[in-house]
Amino acid sequence: MATPPHHADLPLEPGTHRLSAKYIGSEDQEESKHLLEEANGVAVMDERFLLEGSSTTVNTIPDAEKEVVDMIVYLRDRNGIFYSIEDGHLAQAEELLDMTMKEQGLSEVAREVFAVWLVSELLEIRLKKNHQPHQVVQKWDELCVLYTDAKLSDIEKSEPVLMMQRDVFYPKYKEKTITNEEILCLLYHEAKFNVIEGRYPLHPEDYHTLAGIQALIHLGKYNPREHVQAEYRANLIKFYPDHMFQKEKFLFFTRKDESAKCEEQFMTAHARLSEQYEQQDVQTVLGNLYRQYLDICWSYPFYGSAFFKGQVETPTRKFMKMIKSAPDTKVLVAINTEGVSIIDKEKETLLLHAPFDQLLWEFREAEFDGDDDIMPSLFLQFLVEGEQEVTKLLQVYSREAKLMNALINTCVMKKKLSRKEDGVDFVDAGLFPGRNDTSHASKVCNKLDKLCLTTYTKKGECID
């Protein structure tokens, strides 16, 4: 088993095994448009592409000449499992998942919980069971050209890794019933990664509680002689996202260092959690600690999402528009089985969460107007309740808009099927059914004033 070097950006590290050829060239981009289809969610590969060049290979290579391909499947606990596979270029994602489950001693439940992904700093792709990772990676550079804004030099350096992580289609309500400690451990490590990377914007008190739980798991119980404030200061980067402890820079001055306050609360949380488990050996309650960490993450609507990069127009006052328009706000679009969340990437704050029950959406290709930088869009129309029920329309610009649309389509389709099985008619419930759902109300505060929105009545009349 191979263990990668300790770094917050594990999936982005160079030097991991790559199964790709070099960038082929812009003349082949048209072919790559067939690689990602809209039928089944996140970055689903076209079966026609997967069969190209591989259907006859199995029968034409004698056993003695079978190509052995080395692969590493990484886990979010920072471990990697090394495989040497005969005819590895034909190995399917399902085979790699089975092999990894067996190697880790995971129960059959893991087959539903996890999926095999290809992950790099530029693009993340969930593979279907019958997809061949080796074949997909051969086209990785072209996929990055189509679905990212990265420079060609950065694309050529981008090295995707195979990652076994949570399947975006696995429902949260099922995850809450898991009791297997090994599976909870992997889910804990993945949630921890998303928290520290700033993908999960949480309330400050929740960050401290999670850091306390993490410290109890990895540093043991609080000991005032051993765990001094300097140690907490040195470990902030491993327990918190950057914005919780880094200085905020302003035009003429720098705000007081937040790290001192953060490290104090970090130490307090560690001591408090240690007191709760004072009479127990930490190693015997790891399952409870994993669940306690996840329980906080579960309370947020974006948990378990697939993440996409995008940008939205930044609102400006009318007189400022006459001088100079503000640059677009870079966002993360988080999509899971429950809805869509928009996260300010720089400030790491939640701007909007729209459950599918309160959402209409539309994908629109970019219209050519001579500007090469124009991007396709995903339009999100969502319900806003107040004195008068209105809907707001948000336009998200992204190279990955087509992939977002595909994932939303699949999630809504699965939700419809699930409701029909439960005897609930998703369609007849109205245009925005289920709008009284308040399961995440205490954790969500939409910041609509930070977004450029168009307002409509429910009849479709534009108000502003």
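User: How are α10 and α11 set relative to each other?

Analyst: Two packed helices are described by the angle between their axes and by the distance between those axes. Helix α10 (residues 181-196) and helix α11 (residues 204-219) pack at an angle of about 135°, with their axes 12 Å apart; axes are lines fitted to C-alpha atoms, for helices over the stretch in contact, and angles run from 0 to 180 degrees between N-to-C directions. Angles under 35 degrees count as roughly parallel, over 145 as roughly antiparallel, 65 to 115 as roughly perpendicular and the rest as oblique, and α10 and α11 are therefore oblique to each other. The contact, meaning heavy atoms within 4.5 Å, is made by Y188, H189, K192, V195 and I196 of α10 and Y207, L210, Q214, I217 and H218 of α11. Helices here are DSSP runs (H or I, at least four residues), as are strands (E, at least two), numbered from the N terminus.

This is a predicted model, in which local features need pLDDT of at least 70 and side-chain atom pairs count only at pLDDT 80 or more, while totals for chains, interfaces and linings use all residues. Residues are numbered from 1 along each chain as its sequence is written, and side-chain values use heavy atoms, with hydrogens and water left out.

User: At what angle do the axes of α10 and helix α15 cross?

Analyst: The axes of α10 and helix α15 (residues 286-298) cross at roughly 40° and come within 9 Å, and α10 and α15 are therefore oblique to each other. E181, L184, C185, L187, Y188, A191, K192 and V195 in α10 meet L286, G287, Y290, R291, Y293, L294 and C297 in α15.

User: How many cavities of 30 Å³ or more does the structure hold?

Analyst: Rolling a probe the size of a water molecule over the atoms shows where empty space is left. The structure holds four cavities of 30 Å³ or more, a cavity being a set of points, on a 1 Å grid over the protein atoms alone, where a 1.4 Å probe fits but cannot get out. About 160 Å³ of space lies in the largest cavity, where a volume is the space filled by probe spheres set on the points.

User: Which residues lie nearest the centre of the largest cavity?

Analyst: Of the 19 residues that line the largest cavity, Q165, E190, N194, G304 and S305 lie nearest its centre; lining residues have an atom within 4 Å of a point. The largest share of this lining, five residues, comes from α10, while β7 (161-166), α10 and β8 (306-312) each supply at least two residues.

Definitions and conventions:
On a 1 Å grid over the protein atoms alone, a cavity is a set of points where a 1.4 Å probe fits but cannot get out, and a pocket is an open set with protein on both sides within 12 Å along at least five of seven lines; lining residues have an atom within 4 Å of a point.
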